[in-house]
Amino acid sequence: MDVCRYIKIHERDNVAIAIQDIAAGTRIEDGLTANQDIPQAHKIALCDIPQNGEVIRYGVVLGYAKDDIRKGDWINEHMLLLPESPSVENMEYGTNIVPIDKLPVPPRTTWMGYRNAQGPAGTKNLLGIVTTVQCAAGVLKAAVERIKKELLPKYEYVDGVVAVTHPYGCGVAINAPMAHIPIRAVANLIRHPNFGGEMMVVGLGCEKLTYDRVLQEEDITPENVLTLQDYPGHDAMMQAILDMAEKKLQKLNQRRREELPLSELLIGMQCGGSDAFSGISANPSAGYAADMLVRGGATVMFSEVTEVRDGVPMLAARCVDAHTRDRLAEEMRWYDNYLAEGGVDRDANPTPGNKKGGLANIVEKAMGSIAKSGTSPIVEVLSPAQKPSKHGLIFAATPASDIVCGPSQLASGIGLQVFMTGRGTPYGLEISPVIKVCSRNEMKDHWFDMIDISAGDAACGKKTIADVGTEIFHMILDTASGLKKPYSDQYGFHNDMCIFNPAPIT
């Protein structure tokens, strides 16, 4: 019996990806022999493809052959012409709506979280201290180290203290049309669900991002805000920060986890360091978990505009109404213009690692990326750093950059993120736990103590997408409930808070 050496996704596909490295001259099946060495996850032509002919994977045209391609050839990123991006005008909506009761049934419908007066519940109980300007970051970081050593041990029910520093706040065009995006991000981070409603904001005193831009008037009080320039020297300002922090810690220490419905849970889906297996194993498995969560009443957010742009008609078909479809189109147009103003298009997205992992261009990457959204109806579309107003599956328009998408989703209120990777990344977020899911077992074997779950068995047929998706679902609830801690939190692998700022810097 022939050993299966490739994976073909759709009956229309005229290419497939290699499960393992295939040496030149290898007989793959009757009538198909590798003409060159084909690296793992890269594409092999299943038939002759003429110059300008369509190269098809996922049943979608990835691009057009620059030259004639022979059956058995290795197809890489240098061999394709990029197709035009699909139009966002007059897209059909509501034509692919899976009823909620047809989604997979979640095996659990409750979790243990920190109830908040408003918005989703917390997955951690943290003191979050947010700066209004990068100038205050050094002081705050030093103060937080002292808080962790001198104060935190007294408060056993507080999980930690986070210095939320960012590069925004001054030296910026604060009244520029797009300045509302970073301002909204900072404002919403101050009120993150994992901070339990306790606001603590540290400013310098001369910055453009004044308190009134990120706080309501009634919240601008000596209990919530502290201005460094008001204090005479190092010791005084440090003591003021510690004194304010202790009062907040006393309140947070009274919080306890309680059993909550899934409707109190908001999670984000993101992928980074993707490869050609990501759209076969990790992302569909995460999508299955997402469908379970939505069926149970939770809210699931997926993002990364450039990594869905080539599949936007597919997303429009899942939009529940014309307004949601129109909001999707609006966000796509904005980002198209944003990229064009920078002199690039969406194909500036793929990295050398993506290409080494078999992804030829942004079309192929997008088809795999969309899979993490599952099959649920899309009930709302958000601008960067906006908070959701509905439960269910939500598209949050953010850049695809891992270190910008993560903070944007945090500003939208996620209590946990599931992060899929093919190439591997130590990425993490300090405010919310990040569960790392890899696409290949080789990646898990290599980073055995950094990847939480491997979806590789789904790629090689040892498990189903439902099997791995259910495993992800359980880890989401266990992590959100404080029963498990993903590797990124165990090691303290936490990325900087890179706030998305499309407005000018002065």
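**Cavities, pocket and helix packing**

C271, S274, D275, S278, G279, N283, L359, K365, G368 and S369 line the largest cavity. The model is a predicted one.

Biologist: Which helix gives the most to the lining of the largest cavity?

Modeller: The lining includes K365, G368 and S369. Helix α9 spans residues 362-370 and supplies three residues. The top contributor is α9.

Biologist: What is the volume of the largest cavity?

Modeller: The structure holds two cavities of 30 Å³ or more. By class, the lining of the largest one has two nonpolar, six polar and two charged residues. Its volume is about 40 Å³.

Biologist: How many nonpolar residues are in the lining of the second largest cavity?

Modeller: This cavity has a volume of about 30 Å³. V305, E331, W334, Y335, P384, A397, T398, P399 and F500 line it. One residue of the lining is polar and one is charged. The nonpolar count is seven.

Biologist: Now the largest pocket. Which residues of its lining are the closest to its centre?

Modeller: The largest pocket has a volume of about 640 Å³. Its lining holds 25 residues. The closest to the centre are Q118, G119, P120, R191 and K387.

Biologist: How many charged residues are in the contact of α1 with α4?

Modeller: The crossing of α1 and α4 is right-handed. V139, A142, A143, R146, I147, E150 and L151 of α1 make the contact with M237, M238, I241, L242, A245, E246 and L249 of α4. Eleven of the contact residues are nonpolar and none is polar. The charged count is three.

Biologist: Helix α2 packs with helix α10. Is α2 parallel or oblique to α10?

Modeller: Helix α2 runs over residues 180-190 and helix α10 over residues 402-411. They pack at an angle of about 55 degrees, with their axes 8 Å apart. That angle makes α2, relative to α10, oblique.

Biologist: Which residues in α10 meet α2?

Modeller: From α2, the contact takes in A185, N188 and L189. By class, the contact has five nonpolar, one polar and no charged residues. On the α10 side are P407, L410 and A411.

Biologist: Is the crossing of α5 and α13 left-handed or right-handed?

Modeller: Helix α5 spans residues 282-295 and helix α13 spans residues 465-480. Their axes come within 7 Å and cross at roughly 60 degrees. The pair is therefore oblique. The crossing is right-handed.

Biologist: How many nonpolar residues does the contact of α5 with α13 have?

Modeller: P284, S285, A286, Y288, A289, M292 and L293 in α5 meet I465, A466, V468, G469, T470, I472, F473, I476 and L477 in α13. Three of the contact residues are polar and none is charged. The nonpolar count is 13.

Biologist: Last, the backbone. Where is N52?

Modeller: Phi of N52 is near 70 degrees, a positive value in a residue other than glycine. The strands on either side of its loop are β5 (43-45) and β6 (54-57). N52 sits in the loop between β5 and β6.

Biologist: What is phi of Y58?

Modeller: Y58 lies in the loop between β6 and β7 (60-65). Its phi is positive, and Y58 is a residue other than glycine. The value is near 60 degrees.

Methods:
Residues numbered from 1 in each chain as written. Predicted model: local features only at pLDDT ≥ 70, side-chain atom pairs only at ≥ 80, totals over all residues. Heavy atoms only, no water. Left-handed = near helix turned anticlockwise from the far one by under 90°. Helix = DSSP H or I, 4+ residues; strand = E, 2+ residues; numbered from the N terminus. Contact = heavy atoms within 4.5 Å. Nonpolar A, V, L, I, M, F, W, Y, C, P; charged D, E, K, R; others polar. 1 Å grid on protein atoms, 1.4 Å probe; cavity = no way out; pocket = protein on both sides within 12 Å on 5 of 7 lines; lining within 4 Å. Points joined across faces, edges and corners; volume = space filled by probe spheres on them. Axes fitted to C-alpha atoms, helices over the stretch in contact; angles between N-to-C directions. Parallel < 35°, antiparallel > 145°, perpendicular 65-115°, else oblique.
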